[in-house]
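Colleague: I'd like to learn how to read the features of a model like this one. Can we go through them one by one?

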Amino acid sequence: MDSIQIKISEARKILQAIGLPLGEGNLKTELRQNRLALTLLAVADIKPSSKWAEAKVHGDGNNYALRTRDIIGFWNEFYGLQISPGSYDDVRRKNLIYLVEAGLVLPSVNDPDANTNNPTRRYAVSRVGADILHWFGKSGWEKCVDQFKAECGDLRKRLQRDRQRAMIPVKLPTGQELSLTTGPHNVLQKAIVEDFLPRFAPSSELLYLGDTIEKQLFKHEDRLRALGFSSLDHGLLPDVIAYYPKKNWILLIEAVHSSNPISQLRHLDLERLTEGCQAGRVFVSVFQNREEFRKWIVEISWETEVWLVDEPAHLIHFDGEKFLGPHQVD
């Protein structure tokens, strides 16, 4: 392993130890983890040949601090990257935000009142982070880690608590409870599971429920295969799949927030996916309200259904003459 990779690996070890959520959420990929490590190396002025005891920390006469553009320049000069200076905003939004939130890096040491988006803000290692860097690789470093976390907390745990508070609880027809990540798309999915299915397909069996972050949140693979699905690839499946045994129907439901109603092309895709199914197939596009539905109405395929969350008692049938007739008032 060359000196560049060694330093990146050491920086990642430091970040992992103090509670940065490497391998989770937005830091799942190796690229994002390495960029975070490189950001720490730049702000601490640790070059491939440097020792961690030489890390520069703000205060005591040290004015070393970098702008986001300077951080990119440091990467390019000392770590062999070729990043455009125009990517400076990504450095702030994707990297520095974690180091600042963890307490390891100070934001805007040159101007504490500078706007968050101000590109002249300068970042530096905080005094509380000094021992974490200076003692790395030495006896007693673990004690420095414990002291840092006692003072600044554990970012991973804070983020996990925030995520848990923000989750959308969903109760399945069986009574089992799941949690969807926040977002308008998953709000629609909650309504499908808790309102649409009990209303129009009572006692149905949920077979698949996606999630904007977790993707395959719930999937009953054996039942899907037994019913004749040709593929269980997340990219091919609709947002929600349920089986309604009373009428031997499979319901294929798309929650439409910003994309993917059951258009003619999507209809064909889903028909191919379920061409081996013996049960009847019902195709449903779900929208929050009429205003959202209006944006997509020209794309809705015939022989499908539309359900609006804000008007839950009704279905809109794109089914020709099938439902033509007078409305009977009870």
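Modeller: Let's begin with salt bridges: a salt bridge is a side-chain nitrogen of Lys or Arg within 4 Å of a carboxyl oxygen of Asp or Glu. Bear in mind that this is a predicted model, where local features need pLDDT of at least 70, side-chain atom pairs count only at pLDDT 80 or more, and totals for chains, interfaces and linings use all residues. Residues are numbered from 1 along each chain as its sequence is written, and side-chain values use heavy atoms, with hydrogens and water left out.

Colleague: How many salt bridges does that rule give?

Modeller: The general idea is that side chains of opposite charge can pair when their charged atoms come close. Here the count comes to 18 salt bridges. Take aspartate 89 and arginine 93, whose side chains meet at 3.0 Å, N to O. Both sit in helix α4 (residues 88-102), 4 residues apart, about one turn of the helix. Helices, by the way, are DSSP runs of H or I with at least four residues, strands are runs of E with at least two, and both are numbered from the N terminus.

Colleague: Are aspartate 89 and arginine 93 buried or exposed, or something in between?

Modeller: For that, buried means under 20% relative accessible area, exposed means over 50%, and partly exposed is in between (1.4 Å probe, protein chains only). Aspartate 89 is partly exposed at 28%, and arginine 93 is partly exposed too, at 41%.

Colleague: Which residues are linked in a network with that pair?

Modeller: The salt-bridge network links Asp89, Asp90, Arg92 and Arg93. Arginine 92 is also in helix α4, but it is buried, with a relative accessible area of 14%. Its side chain makes a polar contact with the side chain of aspartate 89 at 2.7 Å. A polar contact is a pair of N or O atoms within 3.5 Å; within protein, one must be able to donate a hydrogen and the other to accept it, and residues adjacent in sequence count only if both atoms are side-chain atoms.

Colleague: What about glutamate 10: which residue does it form a salt bridge with?

Modeller: Its partner is lysine 7, with the closest N and O atoms 3.7 Å apart. They are 3 residues apart in helix α1 (residues 3-17), so about one helical turn separates them. Lysine 7 counts as buried, at 8% relative accessibility.

Colleague: Last one: what lines the second largest pocket?

Modeller: On a 1 Å grid over the protein atoms alone, a pocket is an open set of points where a 1.4 Å probe fits, with protein on both sides within 12 Å along at least five of seven lines; lining residues have an atom within 4 Å of a point. The second largest pocket is lined by 18 residues, with Trp249, Val282, Glu305, Lys322 and Phe323 nearest its centre. Elements giving two or more residues to that lining include α8 (184-200) and β8 (249-255), and β9 gives the most, with 4 residues.
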